[in-house]
Amino acid sequence: MGVAIRTAGGDDRELVVRLLDEAFQDDPVSSWVFPGAEYRRATHHRLMAAFTGATLADGRVDLVEDGSACALWMSVPAGDPGHGGADGGDDEFAALRHAVDPDNERVEMIGRLTAGIHPQGRAHEYLWMIGVAPGRQGEGLGTALIGSVLDRCDREGRAAYLEASSERSVRLYRRLGFELTGEPLRLPGGPLMYPMWREPRAAGAQA
């Protein structure tokens with residue numbers, strides 16, 4: 001059976017924030033940004049709200065019709081680092097920190113560090129985040145969400161990029177055609193993030 005996917009709008013904002021908050025509570029990167037389960041439960045949703053708002057404004061949120069999974073995408077022009085700008089972007093990252101959790105420097109740091117490794121020079125689709133409800137993981141919803149965009153990338157000859165937050169995610173994205181690019185990013189005192197790039201596939205290429 002196919003998975004019904006639609007583009008989320010402003011009315012879906014709280015649903016998307018709640019979904020991302022639940023999906024990333026145990027994620028290694030989220031656990032590094034907000035160490036401690038109680039602290040994370042109280043604060044993490046504010047970062048997810050900021051990411052959702054930015055994507056609804058400047059990108060696209062794909063949502064499984066029943067609200068069980070979502071993907072945040074940005075279309076990045078050639079020359080744009082895709083994270084707010086490597087030059088002069090610190091003000092944006094500082095503003096994010098002050099809006100989300102002013103005393104937590106890691107909120108700002110995660111933006112600066114990922115911006116520093118984001119490829120430049122080619123237009124691409126950037127998968128910022130993908131979240132699946134904890135009770136629905138393993139059903140292929142994430143693959144369906146990503147696949148719908150990758151099919152379009154293949155038709156249009158457009159590359160795609162993401163940062164995987166675990167080795168398990170790396171294995172999943174490899175199956176979808178992504179390959180590691182450059183060295184992993186080690187968050188200070190924390191986990192690795194794995195930048196991955198996908199070249200568009202020629203028509204008729206095997207998955």
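Guide: Welcome! A definition to begin with: rings of Phe, Tyr and Trp (its six-membered ring) pair if their centres lie within 6.5 Å. Please keep in mind that this is a predicted model.

Visitor: Which residues do ring pairs link into a cluster?

Guide: The structure holds six aromatic pairs. Some of these ring pairs join up into a cluster, and its members are Phe51, Tyr126, Trp128, Tyr161 and Trp197.

Visitor: Is Tyr161 buried or exposed?

Guide: Buried means under 20% relative accessible area. Tyr161 has a relative accessibility of 0%, so Tyr161 counts as buried.

Visitor: What kind of pair do the rings of Phe34 and Tyr39 make?

Guide: Planes over 60 degrees apart count as edge-to-face. The ring centres of Phe34 and Tyr39 are 5.8 Å apart and the planes stand at 70°, so this pair is edge-to-face.

Visitor: And what about the rings of Tyr161 and Trp197?

Guide: Here the centres lie 6.4 Å apart. The planes of Tyr161 and Trp197 meet at 50°, so the pair is tilted.

Visitor: Why is strand β4 largely enclosed by the rest of the structure?

Guide: Strand β4 covers residues 124–132. It is largely enclosed because the number of its nine residues that are buried is eight.

Definitions and conventions
Residues numbered from 1 in each chain as written. Predicted model: local features only at pLDDT ≥ 70, side-chain atom pairs only at ≥ 80, totals over all residues. Heavy atoms only, no water. Buried < 20%, exposed > 50% of the residue type's maximum accessible area, 1.4 Å probe, protein only. Helix = DSSP H or I, 4+ residues; strand = E, 2+ residues; numbered from the N terminus. Phe/Tyr/Trp six-rings, centres within 6.5 Å; stacked < 30°, edge-to-face > 60°.
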